[in-house]
Amino acid sequence: MKSLKIAGLALAGALAATVPAKAFCLINCEPKPEDARKVFENLVKTKFDKDAVIEKFDITRFWPLDVEGAGHAGYEFYFTANVRFPKGANLECKPDDAGKVKEGCSASTYFSTTIQNKMVKEKQYIEPGKVIEFKDETRFDQEGSKWKGQDGNMY
């Protein structure tokens, strides 16, 4: 009986060595809130200013996605965040005295880091010291055993 158990464990060990790592992830394999925060931080620092400071980051809801037609899983987080911009952002886009902005800049006061129906693609001016509240979302797409964030990094 003891040799049968040893043989069974040896067989299980041999099989385990040949199975991809993602097959062992049975629970808690999805991206975490801290991954969503890191994606947001990377995007804020790229789109607005590298010296931005996230003062608050709260996940409001999240869920797994079945990305229909794409053949892979996804995961989506909705969040609110407060970000301080000590040096401001896109200072070259400061509106003139009449409130007009330069070409390539946006006068919109809706701030987002992710692709959605309200995404502002032009540069947005943020005055130095201002704190902006973001009500935003971010999505991860599964690639093998990892999750790709909207910042292009793997988590």
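Helices (H or I, at least four residues) and strands (E, at least two) are DSSP runs, numbered from the N terminus. Read in that way, the chain follows the pattern α-α-β-β-β-β-β-β, with two helices and six strands. The model is a predicted one, in which local features need pLDDT of at least 70 and side-chain atom pairs count only at pLDDT 80 or more, while totals for chains, interfaces and linings use all residues. Residues are numbered from 1 along each chain as its sequence is written, and side-chain values use heavy atoms, with hydrogens and water left out.

**Whole chain**

Begin with the entire chain in view. Of its 155 residues, 31% count as buried; buried means under 20% relative accessible area, exposed over 50%, and partly exposed in between, with a 1.4 Å probe and protein chains only. Contact means heavy atoms within 4.5 Å. Among the contacts in the chain with a separation of 6 or more, 63% come from residues 24 or more positions apart.

**The sheet**

Next, select S1, S2, S5 and S6. These four strands form an open sheet in the order S1-S2-S5-S6, and the pairing is antiparallel. Strands S1 and S6 (146–148) stand at the edges with a single partner strand each, so one side of each is left without a neighbour in the sheet. From one strand to the next, the twist averages 25 degrees. Axes here are lines fitted to C-alpha atoms, for helices over the stretch in contact, and angles run from 0 to 180 degrees between N-to-C directions.

Is strand S2 largely enclosed or left open by the rest of the structure? Of the 14 residues of S2 (residues 72–85), 11 are buried, so the strand is largely enclosed by the rest of the structure.

Two strands pair if DSSP finds at least two bridges between them. On one side, S1 (residues 53–67) pairs with S2 in the antiparallel sense over 13 bridges; to see one of them, select Pro 64, whose bridge partner in S2 is Tyr 75. On the S5 side, S2 and S5 (residues 130–143) pair in the antiparallel sense over 12 bridges. Tyr 75 stands opposite Phe 140 in S5, Val 83 stands opposite Ile 132, and Phe 85 has Lys 130 as its bridge partner.

**The S5–S6 hairpin**

Follow S5 into S6. The two strands form a hairpin with two residues between them, and Gly 144 in the turn has a positive phi of about 65 degrees. Three bridges join S5 to S6, which run antiparallel; Asp 141 has Lys 148 in S6 as its bridge partner.

**Tyr 78**

Select Tyr 78, placed in strand S2. Tyr 78 is buried, with a relative accessible area of 19%. Which residue lies over the face of Tyr 78? Arg 61 does, at 4.1 Å from the ring centre. A charge sits over a ring if NZ of Lys or CZ of Arg is within 6 Å of the ring centre and within 35 degrees of the ring normal.

Now show the surroundings of Tyr 78. Leaving aside neighbours within four places in sequence, Tyr 78 is in contact with Asp 58, Ile 59, Thr 60, Arg 61, Trp 63, Asp 136 and Glu 137. Ile 59 is 19 residues away along the chain, and its C-alpha atom is separated from that of Tyr 78 by 5.9 Å.

**Aromatic rings**

Display the side chains of Phe 40, Phe 48, Phe 57, Phe 79, Phe 85, Phe 111 and Phe 134, which ring pairs link into a cluster. The structure holds 15 aromatic pairs. Rings of Phe, Tyr and Trp (its six-membered ring) pair if their centres lie within 6.5 Å; planes under 30 degrees apart count as stacked, over 60 as edge-to-face and the rest as tilted.

**The disulfide**

Finally, select Cys 93 and Cys 105, which are joined by a disulfide (S to S 2.0 Å). Cys 93 lies in the loop between S2 and strand S3 (105–106) and Cys 105 in S3, so the pair ties together parts that are 12 residues apart in sequence. A search of the whole structure finds one disulfide, defined as a pair of cysteine sulfur atoms within 2.5 Å. The torsion about the S-S bond is about -65 degrees, so the disulfide is left-handed. Both Cys 93 and Cys 105 are buried.

In the loop between S2 and S3, also select Asn 90. Phi of Asn 90 is near 50 degrees, a positive value in a residue other than glycine. Asn 90 is buried, with a relative accessible area of 12%.
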